[in-house]
Amino acid sequence: MKWSSEYRPSLLGCTATGFSPDTEYALGGPGHGLQAQRLAWDSRLLGVPCARITLLGADSRPGLARLDRDLGRLLTRMDAEGIAFCDVRIALSAFPLIHMAEAHGFRLVDILALYVSRGRPAEASAPAAMRIIHREQATASQLRDILQLGKTSFRAARLYRDGHIRRQTADTFYQELLSELLGRRDAVCHLAIAQNGRAVGYVIGTQDTAPGLADPVGVLWLIGVAPSVAGRGIGSALLDSFLRRMHQHCPCVEIGTQVDNRAATTLYAKAGLLPAGHLATLHRWRP
Ligand SMILES: CC(C)(COP(=O)(O)OP(=O)(O)OC[C@H]1O[C@@H](n2cnc3c(N)ncnc32)[C@H](O)[C@@H]1OP(=O)(O)O)[C@@H](O)C(=O)NCCC(=O)NCCS
């Protein structure tokens with residue numbers, strides 16, 4: 001596709017995931033395609049029926065015009081079915097799709113820089129007086145420290161940038177996300193432990209083994225350090241141990257962060273990572 005919301009083929013060099021046969025909404029034809037699905041998790045936490053456009057693509061100007069018509073049809077159908085919220089992520093390089101989404105009522109909420117790590121990092125040691133451990137070694141109280149820390153770690157995230165979403169709702173959303181990830185057996189999670197035994201930082205991610213990917217792609221979901229100990233190299237040490245573990249199975253590890261999250265972009269730059277591309281996040285609320 002000349003313009004596609006799928007960023008992995010161009011940014012990671014992975015195979016396109018293409019159309020999924022079991023998606024709830026699939027429109028398209030020769031030269032253009034559109035897929036969307038309902039989101040049970042988001043619907044529960046935001047309190048309204050939610051959906052996501054998972055694929056938006058066209059290979060020519062006429063294909064773009066057909067996609068535009070189908071996007072209008074899809075949104076009319078979603079509106080009629082009571083879907084109140086829909087989101088989509090589109091690579092900035094596919095800017096005609098961003099304009100199209102905006103013309104259909106989507107609003108830009110953030111721009112993510114997407115970093116791709118392709119190999120083991122040069123070692124960053126943990127600061128003195130700090131240990132990095134795996135989740136399996138953590139005590140229940142250290143895991144509770146992480147959940148507590150998660151209450152404030154995500155203030156740069158997209159839900160806080162959408163005026164329709166209350167802060168309390170966004171807080172709950174990210175706390176539950178962190179709790180869910182901590183409970184996943186397949187998650188890779190490392191904690192930073194201070195001398196007094198309290199957990200003061202964490203990093204967590206999973207391997208994406210979606211059909212169509214030749215190799216699993218490591219995804220860093222969340223990294224956070226307690227504000228009281230920020231700027232002392234703990235984030236760098238957590239990132240380093242996470243990448244080492246992930247690269248045992250994944251040639252590529254992707255990390256997305258808002259372009260204006262200064263602490264995070266500095267952390268990744270210091271680890272030698274450069275943005276491989278940028279993605280726009282857009283939200284649409286039913287008129
Ligand atoms: C991003 C974060 C994990 C960094 O943790 P940290 O322990 O402070 O990171 P480090 O001490 O290893 O710092 C790495 C570099 O970033 C710099 N940095 C840290 N905080 C910074 C800030 N607020 N502004 C600018 N640079 C910052 C450090 O100075 C350091 O660079 P230096 O060695 O050249 O001085 C932490 O700020 C955080 O928890 N933020 C909130 C959660 C978040 O946004 N996570 C990322 C998205 S998932």
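Is L282 buried or exposed? L282 is buried, because 22 other C-beta atoms lie within 10 Å. The cut-offs: buried takes 20 or more other C-beta atoms within 10 Å of a residue's own, exposed 12 or fewer, partly exposed lies in between, and C-beta atoms are placed from the backbone.

Two notes on the model. It is predicted, so local features need pLDDT of at least 70 and side-chain atom pairs count only at pLDDT 80 or more, while totals for chains, interfaces and linings use all residues. Residues are numbered from 1 along each chain as its sequence is written.

Back to L282. This residue sits in strand 12, residues 275–285. Strands here are DSSP runs of E, at least two residues; helices are runs of H or I, at least four; both are numbered from the N terminus. L282 contacts D87, V88, I90, A101, F106, R107, L108 and V109, leaving aside neighbours within four places in sequence. Contact means C-beta atoms, placed from the backbone, within 7 Å. L282 and E102 are 180 residues apart in sequence, yet 8.1 Å apart in space, C-alpha to C-alpha.

Now I90. Beyond four places in sequence, I90 touches S5, L56, L97, I98, A101, L279, A280 and L282. I90 and V203 have the most contacts inside the largest nonpolar core, which has 79 residues. Such a core is a set of buried Ala, Val, Leu, Ile, Met, Phe, Trp, Tyr and Cys residues joined through C-beta atoms within 7 Å. Helix 7 gives this core the most, seven residues. Domain 1 (3–105) and domain 2 (117–277) both contribute, so the core lies between them. Those bounds come from an automatic or database domain assignment. The C-alpha centres of the two domains are 28 Å apart.

Next, the ligand. 21 residues surround it, and the closest are A230, G235, S236, A263 and T266. To count, a residue needs its C-beta atom, placed from the backbone, within 6 Å. Strand 10 (217–225), helix 7 (234–246) and helix 8 (262–270) each give two or more residues to this shell. Helix 8 gives the most, six.

Last, the whole chain. There are eight helices and 12 strands. Of the 287 residues, 40% count as buried. The C-alpha trace spans about 60 × 40 × 30 Å along its principal axes. Among contacts with a separation of 6 or more, 72% join residues 24 or more positions apart.

Technical notes:
Contact = placed C-beta atoms within 7 Å.
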